[in-house]
Amino acid sequence: MTENDGTVSTSAWTWAFPLAAAVLLVAEHLHLPYMDGMAAKALAIVLLGGAVFAAVHHAEVIAARIGEPMGSVVLAAAVTAIEASLIISIMVSSPDGGAEIARDTVFAAIMIVLNGVVGLCLLTGGIRFYEQGFQTNAASSALGVLGTLATLVLILPNFTLAEEGPIYSVAQLSFVAIVSLALYGLFLFVQTVRHRSYFLDLEQHETGGVKPAGRQVLISAVLLVVALAAVILLAETLSPVIDRAVAGAGLPTAFVGIVIAAVVLMPEGLAATRAARMNKLQTSLNLALGSALASIGLTIPAVAVTSLLIGKSLTLGLEAEEMVLLVLTLFASTLTLATGRTTVLQGGVHMVIFCAFLVIAAIP
């Protein structure tokens with residue numbers, strides 16, 4: 001909420017959760033009593049979720065200051081930093097090296113975003129407004145980059161004929177990491193500089209509402225760093241708990257990636273759905289597609305460098321049924337984003353694919 005003087009009224013929880021998480025981490029570091037019990041782990045889970053939402057809130061304050069589409073970029077970067085930290089912490093702490101966690105999380109993020117988030121946005125927006133419009137130039141640009149990166153990262157490793165399985169060699173992994181980062185950087189240049197107008201809502205004007213004051217943005221920037229640091233350190237503490245919970249429920253180990261992606265993408269998914277209900281579908285697509293792109297373009301290079309430094313390989317190639325779902329998702333997304341107009345029908349199609357993904361992922 002913005003006051004007349006440009007100051008954003010900050011709720012107490014947006015700073016309380018990051019600070020409480022920091023206090024808990026200090027207590028665990030000092031090995032204070034009761035820090036190893038179930039109550040402490042439950043508190044850590046609550047604080048982790050609160051810190052994620054707080055991080056996205058402060059990213060939104062910064063985004064409101066700098067405007068679209070840079071606002072969506074800031075949100076995507078914040079979410080991706082959280083995702084990469086969770087993946088790397090599990091890779092480092094897992095006894096088997098967590099070779100498949102990056103693949104499972106990135107694939108889950110793509111399925112959640114392109115089917116769950118986009119489907120929900122199209123459904124809620126279609127129910128309320130019957131039909132919504134967006135700029136096809138932006139959607140096709142993002143989808144083209146996303147399809148290319150998804151193929152290079154998740155499908156091509158199955159056809160490199162490596163003896164160890166669907167794993168890139170050091171040279172191949174280095175190449176994929178570099179081109180992923182380069183292509184994502186090129187997309188950001190197009191989105192924020194060269195063709196910025198493509199990514200604005202059809203009826204959006206540059207003279208928007210009151211922007212947050214500079215002091216408030218500075219406070220949010222500091223709290224954003226604190227929240228992200230808390231998430232990274234809490235994730236390292238809780239990664240064994242997540243593994244045991246998934247195993248105890250009888251779910252495949254790949255479900256850990258779905259849990260990570262769901263937790264990380266929940267705040268951004270809510271923001272995208274809220275924008276769709278305000279008839280700002282372009283903003284919804286910027287948030288959704290931007291987070292999926294960042295999940296590959298930033299996360300994969302980060303985990304690739306980590307794997308090379310710690311000497312542990314990455315299993316990136318998808319299973320056969322997962323490749324089918326990915327191809328179906330990209331095909332359906334191409335049809336959905338081709339016309340510049342959407343209805344509830346497209347939303348229903350994507351939600352069906354999302355449900356199919358959950359069913360297949362949950363059945364061993």
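A crossing of two helices is left-handed if the near helix is turned anticlockwise from the far one by less than a right angle, and right-handed if clockwise. The exercises below use this term on a predicted model.

**Exercise 1.** Describe how helix 4 and helix 12 cross, and state which classes of residue make up their contact.

*Solution.* Begin with the geometry: the axes of helix 4 (residues 101–129) and helix 12 (residues 344–362) come within 7 Å and cross at roughly 145°. Next comes the hand, and for helix 4 and helix 12 the crossing is left-handed. Sorted by class, the contact of helix 4 with helix 12 has 14 nonpolar and eight polar residues, with no charged residues.

**Exercise 2.** Determine how the rings of W13 and F17 are arranged, and where these two residues lie.

*Solution.* The count for the model comes to three aromatic pairs. In one of them, W13 and F17, the ring centres are 6.5 Å apart and the planes stand at 70°, so the pair is edge-to-face, planes over 60 degrees apart being counted that way. Both W13 and F17 belong to helix 1 (residues 13–29), where they are four residues apart, about one turn of the helix. W13 is partly exposed at 35% relative accessibility, and F17 is likewise partly exposed, with a relative accessible area of 26%.

**Exercise 3.** Work out the arrangement of F107 and F357, and say which parts of the chain this pair ties together.

*Solution.* The rings of F107 and F357 have centres 5.6 Å apart and planes at 80°, so this pair is edge-to-face. Because F107 lies in helix 4 and F357 in helix 12, the pair ties together parts that are 250 residues apart in sequence. Both F107 and F357 are buried, and ring pairs link F107, F354 and F357 into a cluster.

How values were computed
Residues are numbered from 1 along each chain as its sequence is written. This is a predicted model: local features need pLDDT of at least 70, side-chain atom pairs count only at pLDDT 80 or more; totals for chains, interfaces and linings use all residues. Side-chain values use heavy atoms; hydrogens and water are left out. Axes are lines fitted to C-alpha atoms, for helices over the stretch in contact, and angles run from 0 to 180 degrees between N-to-C directions. Ala, Val, Leu, Ile, Met, Phe, Trp, Tyr, Cys and Pro count as nonpolar, Asp, Glu, Lys and Arg as charged, and the others, Gly among them, as polar. Rings of Phe, Tyr and Trp (its six-membered ring) pair if their centres lie within 6.5 Å; planes under 30 degrees apart count as stacked, over 60 as edge-to-face and the rest as tilted. Buried means under 20% relative accessible area, exposed over 50%, partly exposed in between (1.4 Å probe, protein chains only).
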